Amino acid sequence: MQKYLKPSVFILSTIPFLVILYKIFLNKLGPEPVKEITHFTGEWTLIFLCLTLSMSPLKRLTNLSVWVSFRRTLGLFVFFYATLHLLTYVGLDYRFDWQPILDDVVKKKYIFIGFAAWLLLIPLAITSSKKMVKLLKNNWRKLHRLVYIIAIFGSLHYIWLSKTIFFKPLIYFIIIIVLLAFRIKIKNRNVNYG
Amino acid sequence: MIKFKNSEITPENIYKNRRSFIKSIGLGAGSLAISTIPFVNKSLASGGDKLTSYKDITTYNNYYEFGTSKSDPYRNSKTFKTTPWEISIEGEVEKPIKLSMEEISEMFVSEERIYRLRCVEGWSMVIPWMGFSLSELLSKVNPTNKAKFVEFESVYDPEQMKGQRYPVLNWPYNEGLRIDEAMHPLTTVVTGLYGKKLPNQNGAPLRIFIPWKYGFKSAKAIVKIKFVQKMPTSSWMWASPREYGFYSNVNPNVNHPRWSQATERIIGEGVWAPRVKTLMFNGYGDEVASLYTGMDLKKYF
């Protein structure tokens, strides 16, 4: 049973990707398809980010260590969907036309912070293997705390791009804050816990 | 000139065929005689832009009174009541008047006007509106010499418009124009589209349309038109003065803080279509640029 869990998580995590592929090739994206893809991949990045951050609180709540074994897979899917999101914007929307893209990154705070979040994901994705965990030892743990900053950046990215204050971006922001607050508590009680 | 009646319904395919027939007659005087459209965009006349589908025009709307998502207006406006409807023209005028929709359709002849719609969010449509110049309606009242601006107020009815139950914007929706902008022949009172009665989600029974400004300037479901002395503060200016100015002319050189305005996506062109360059004044510069002579359009955005 245990050994099927991780592959199941992997397979389940590919479903949003398959859904968007289906929608693209069967023309199910409505009048503004590029925006749909951008929003879809962006939202799934945030969902996977929340899922990744939920694993150690879940372990604590349920006393089951199996949760943290999904963290790597889920975390890598954060990077996967974030990269699709970025590629949609840079490639599909702006056709690698760098001038307006650079303008956006510099002038628009939500793009700046979103891009920063993606950059910060890179070292985490690179050092995700077991080998790297061993190699970096304590530094690995420190490095991977970057995910907290990434989560805040990601939710701010969503809030700042919304036209007026809307419900959904705030929900993600609150979930992320709660998940991060959980860690502060844990740390106070138990110093050894990452 | 054909008088447009609400009962007159032209299916989209026939509508398009009729248009291609008109085009096929040729570029000579014949087409001029048939065309009652005074201000068709030049690129349209030469066949550059194609009409956005009726489906996209009527299912992809920004109309926060009915909800903030693009599909909300179509879904939530189906039972919206537009009869009876009355429009009050008041403020700095000699004789304020109230007109019912019936009176308005008696008094003014709606004609087909194909205009490009550019949304501030960076997308655009080409819409065959039915309507007449706002100046015709405004000429029914004599503004006093104090009148400098025209304010438009949309209907407030949270019972029917569920978006108004939330403070997304300060309701009722409010917009404004300078008098010379309001009197410009391109500024249109819209009563229909695609030869049909104006659908609820597009601002029925009556809205304005200003083709050289971003879409949000074109207020929907109007109940009050008021001549005023001071520049009105529109709903979007209230919401975010840094992002939305009073003029809001389509201008590829002035960026919105969250969207580049240099390019736009054409609705209905599909997932692989590239963006196209946005034109100054949405391509209506020849007609309207003179309204802004000597003005710093970066400052008065």
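Colleague: How many helices and strands are there in chain A?

Modeller: Helices (H or I, at least four residues) and strands (E, at least two) are DSSP runs, numbered from the N terminus. Chain A has nine helices and zero strands. This is a predicted model, in which local features need pLDDT of at least 70 and side-chain atom pairs count only at pLDDT 80 or more, while totals for chains, interfaces and linings use all residues. Residues are numbered from 1 along each chain as its sequence is written, and chains are lettered from A and ligands numbered from 1 in the order in which they are written.

Colleague: What share of the residues in chain A is buried?

Modeller: A residue is buried if 20 or more other C-beta atoms, placed from the backbone, lie within 10 Å of its own. In chain A, 27% of the 194 residues are buried.

Colleague: Which residues touch the most other members of the largest nonpolar core?

Modeller: Such a core is a set of buried Ala, Val, Leu, Ile, Met, Phe, Trp, Tyr and Cys residues joined through C-beta atoms within 7 Å. The largest has 55 residues, and B:Ile127, B:Ile208 and B:Ile222 touch the most other members. Strand β4 of chain B (residues 123–133) gives the most to this core, namely six residues. A second, separate core of 31 residues includes A:Leu74, A:Val78, A:Ala151 and A:Tyr172.

Colleague: What box do the C-alpha atoms of chain A fill?

Modeller: Taken along the principal axes, the box is roughly 50 × 40 × 35 Å.

How values were computed: Buried ≥ 20, exposed ≤ 12 C-beta atoms within 10 Å, placed from the backbone.
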